[in-house]
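Work through the following exercises with the sequence and the model side by side. Try each task before reading its solution.

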Amino acid sequence: VQLVESGGGLMQAGGSLKLSCVASGEVYSSSAMGWFRQAPGKEREFVAAIPWSGDTKYYADSVKGRFTISRDNVKSTRYLQMNNLKPEDTAIYYCAAGARISYTAAHYSDWGQGTQVTVSS
């Protein structure tokens with residue numbers, strides 16, 4: 001599965017951004033799509049995940065109530081709507097695909113190149 005993220009940028013605190021992740025290749029072999037982020041000097045951390053089918057969505061505590069993950073299976077695209085952004089949300093955001101929902105980056109087999117999100121105070 002090939003993944004391409006877009007939508008990152010520079011935003012002031014309190015603003016919003018919407019990230020997109022377009023999947024191509026054998027997308028139906030991946031049952032889960034996740035978003036992770038990595039800030040300078042920190043480990044990659046889970047942000048949100050959504051299965052290929054089903055309504056359950058999974059979020060890190062740090063983004064609950066502010067971020068929303070969604071999907072469009074026709075377009076093979078996953079989205080991450082980020083509202084009320086905070087400076088601590090600054091990171092490179094990665095889209096990932098895997099066989100199952102997991103909060104652990106190592107459980108995802110395919111990754112995009114990442115998109116930078118910078119939030120100024």
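Predicted model: local features only at pLDDT ≥ 70, side-chain atom pairs only at ≥ 80, totals over all residues.

Residues are numbered from 1 along each chain as its sequence is written, and side-chain values use heavy atoms, with hydrogens and water left out.

**Exercise 1.** Find the disulfide and describe where its two cysteines lie.

*Solution.* Begin with the rule, by which a disulfide is a pair of cysteine sulfur atoms within 2.5 Å; the count by this rule comes to one. The partners are Cys 21 and Cys 95, whose sulfur atoms are 2.0 Å apart. Then look at the angle about the S-S bond, which is -80° and makes the link left-handed. Finally, both Cys 21 and Cys 95 are buried, a word that stands for under 20% relative accessible area, with exposed meaning over 50% and partly exposed in between (1.4 Å probe, protein chains only).

**Exercise 2.** Which residues form salt bridges with Asp 89?

*Solution.* A salt bridge requires a side-chain nitrogen of Lys or Arg within 4 Å of a carboxyl oxygen of Asp or Glu, and the count by this rule comes to four. One partner of Asp 89 is Arg 37, with the closest N and O atoms 2.9 Å apart. Because Arg 37 lies in strand β4 and Asp 89 in the loop between β8 and β9, this pair ties together parts that are 52 residues apart in sequence. Another partner is Arg 66, at 2.7 Å from N to O, which sits in the loop between β6 (58-59) and β7, 23 residues from Asp 89. Shared partners join Arg 37, Glu 45, Arg 66 and Asp 89 into one network.

**Exercise 3.** Which residues of the largest nonpolar core touch the most other members?

*Solution.* Such a core is a set of buried Ala, Val, Leu, Ile, Met, Phe, Trp, Tyr and Cys residues joined through side-chain atoms within 4.5 Å. Of the 33 residues in the largest one, Met 33, Trp 35, Val 47, Phe 67, Leu 80, Met 82 and Tyr 93 touch the most other members. The elements that give two or more residues to this core include β3 (17-24), β4 (32-38) and β9 (91-98).

Notes. Helix = DSSP H or I, 4+ residues; strand = E, 2+ residues; numbered from the N terminus.
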